Amino acid sequence: MTEARKMPANDLPAYQPVAGGIAARARAAAAPAPYLDNLNPEQRDAVETLDGPVLVLAGAGTGKTKVLTSRIAHILSTGRARPGEILSVTFTNKAAREMKHRLGIMLGQAVEGMPWLGTFHSIGGRILRSHAELVQLKSNFTVLDTDDQIRLLKQLLSAENIDDKRWPARMLAGLIDGWKNRGLTPAQVPAGEAAVFGNGKGGKLYKDYQERLKTLNAADFGDLLLECIRLFREHPDVLRSYQARFKFILVDEYQDTNVAQYLWLRLLSQGAARAPSPGEDNAIATQTAATRNICCVGDDDQSIYGWRGAEVDNILRFEHDFPGAKVIRLERNYRSTGHILAAASHLIAHNEGRLGKTLRTEDVDGEKVTVTGAWDSEEEARGVGEEIEQLQREGHKLNDIAILVRASFQMREFEDRFVTLGLPYRVIGGPRFYERAEIRDALAYLRVINSPADDLAFERIVNVPKRGLGDATVQMLHDHARRRRIPLSEAARQVIETDEMKPKARGSLRDLMLSFERWRKQMEVVSHTELAEVVLDESGYTEMWQKDRSADAAGRLENLKELVRSMEEFENLQGFLEHISLVMDREGAADEDAVSVMTLHSAKGLEFDNVFLPGWEEGLFPHQRALDEQGRAGLEEERRLAHVGITRARKRAKLYFATNRRIHGTWNTTIPSRFLDELPAANVEITESKGGNGWGGAGGYGSSRFDNLEAFGSTYSTPGWQRAQQQRGRSGGGYGDSFGGNSGGAKKRPMVIEGELVAKSTGTDSAFSLDDRVFHEKFGYGHVTKIDGNKLTIDFDKAGEKKVVDSFVRAA
DNA sequence: AATACACCAATTTTT
DNA sequence: TTGGTGTATT
């Protein structure tokens, strides 16, 4: 995002000392390098080995980012390259931002932003914009996201008369993405593969899609790399200029690179302007690579994105691809205690396809990893809730606590539980900021203003808010546009001069077109942020959400404000639009103390003192589909995911499994995950659930050493225990009931809330009275049906009846 | 254009 | 069982 406004593609940065020049060397000699001081020997080796290919195998918590940033600092301060001569790629904007931030701290103001530090896609996009005409685009091309992509594909499918029920556009989008991930242009897709979609039309559709993108002056995410590769291959002079420019290349998370990214890197890191075609033996095309200074940092044990095209092979093959490569292992872990690290290491050692590292720590042994069995997923959520409250009583911050689940549907139960407990939590992940409908709508308006030929954007907002311009109108505009080979908005302009349309629709469309003309004129006199405000206001878009009474309307309006705010960082509308789809990510806003709930995937790269890992059951984790579809490779990836999960923990890792879990509505009896059996007994403590009911063992489905857990072993006086006693009395003891029969299985017991037993309950009377109309951030509007201290039972209009703590609602 | 009903799918997600 | 989508009906 910053690179966009600060440094146009071909600008030279301010004067920097000549690489290796006298001044630079003198400076390096004079000032001891502070960035080298707190590195361990391996890290230091990774930082100082500048020449030739280097692979840094950086285990979890071994200081990967530190090495990358220190290495850049080292290159700069020894004068080996200027900032503009270092290419440094990451996968996410977050990682790129983090690196910029840490570099800034390390170097002070000595170096302004690194122009070529960014994500694969943003850098690819940037290169494409500089040479757009060579790939049949204009430099202001639009980057389509998944949503645009699918709408476009739907149009193509209907043009081909393909039933999009049988052949969904989503599926085609997935296929095309997959091909692009593998670096395949339409011509390169194996015929057999292209034929599987739409009765053999897959290949043609891919080709048509690419052509349509050119007409729309648009690229999708995959194109940002694939078209870049095509550019390099078809224009060796361009490639050479970049090869000459980048004296050093650094790659973060190398284990996550896909084939396209690999090819892209290879082209840039090679002296010769030739890349191996897919499938070609890499060694042949490699020859000159050894001379180049590429440093890849990654961890094969944390490769968890195979399903979206990442090739673990890239990292496993590194020494083969880059002959003479130096491999440096970072094995000293600075994050976790002994027991946690031992458990994680022992678990991952069960994988076969790995380069192998032995993590060690100098930290204390700490607490053992705990494994807790629960009767069902509700009890699991109660148990976790109890433990969190206990931690809270001991003075731990909620910010230091995370719950990491395998699949997002698991989150609901925790959310429900936390809502009833009044425990603040935040869900990480979910739809990203720029994917939200309101953001995309707002952007569509701006896109149409900026480039009237943007049909996808035009179509998106022509009837949002509702203007009486429905499908019929749009279809008519389409026909008109196609006949004359003009963009939709031009077609609209022409059609309103005719009497083809009903008067009402015609007037409405004319108003819209006049508005766009007015806004385009205003663009020249007011700032782009002001323009955005005007547009959102005059189009009736803001009003549409103001009138909306659903729970998230307020949030959407807030998002729109945030969008306008974020525009300020860019110089003009054009610059904003060029980068927005690549850099807008989830909102920060994390200052409140709250438990984090997220998937294991989105937890990669994060760390917490206390990590809860629920749902360790066969079928869920490892996930059945991973096993079915990928076999052993799938299992190993799941195991890596488990490894990632455990290594997120600094001080406590708490694993859970539930004997009964509801899947697609029906209760199933599960068996504990094989990963639990793969943990080293010496570092693991088996505890009983404090969440309520006991559990009954796994009931004869295969054996596990967790089968013979003693359920109610000790006396407990925690709230959970008391609750458990009461529940046991109520439901007749969790042992035999409804066992083995998994169709109706374990029945759902009523949720018991004893206000006085819950830690956070205050007992003070609620400020609300019966039948009060209230609003809840998550559930929307509803009315109070029952009051119990500060616990309210509310019948929500949309979400149904829920029990919530009064501080979570406000009067409506 | 809005609502009602039927139908289908139901890991993981960045850019 | 749920939720989301898409079609059919008013």
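Biologist: Leaving aside neighbours within four places in sequence, which residues is E85 in contact with?
Modeller: In this predicted model, E85 is in contact with R245, F246, K247 and F248, once its neighbours within four places in sequence are set aside.

Biologist: And where is E85 found?
Modeller: E85 sits in the loop between α5 (64–77) and β2.

Biologist: Is E85 buried or exposed?
Modeller: E85 is buried, because its relative accessible area is 9% and buried means under 20%.

Biologist: How many residues apart in sequence are E85 and V448, and what about in space?
Modeller: E85 and V448 are separated by 363 residues in sequence and, from C-alpha to C-alpha, by 37 Å in space.

Biologist: Turning to the sheet, in what order do the strands come?
Modeller: The open sheet has six strands, ordered β3-β2-β6-β7-β1-β8, and their pairing is parallel. The edges are taken by β3 (117–119) and β8 (326–330); each has a single partner strand, so one side of each is left without a neighbour in the sheet. On average, neighbouring strands of this sheet are turned by 15° against each other, direction ignored.

Biologist: How many bridges join β1 to β7?
Modeller: Four bridges join β1 (residues 54–58) to β7 (residues 294–298), and the two strands run parallel.

Biologist: Which residue of β7 does V54 stand opposite?
Modeller: V54 has C295 opposite in β7.

Biologist: Last topic: which strands does helix α7 lie across?
Modeller: Helix α7 (residues 120–130) lies across β2 (86–90), β3 and β6 (248–251). Relative to β3, helix α7 runs at about 105°.

Definitions and conventions
Residues are numbered from 1 along each chain as its sequence is written. Chains are lettered from A and ligands numbered from 1 in the order in which they are written. This is a predicted model: local features need pLDDT of at least 70, side-chain atom pairs count only at pLDDT 80 or more; totals for chains, interfaces and linings use all residues. Side-chain values use heavy atoms; hydrogens and water are left out. Two strands pair if DSSP finds at least two bridges between them. Axes are lines fitted to C-alpha atoms, for helices over the stretch in contact, and angles run from 0 to 180 degrees between N-to-C directions. Contact means heavy atoms within 4.5 Å. Buried means under 20% relative accessible area, exposed over 50%, partly exposed in between (1.4 Å probe, protein chains only).
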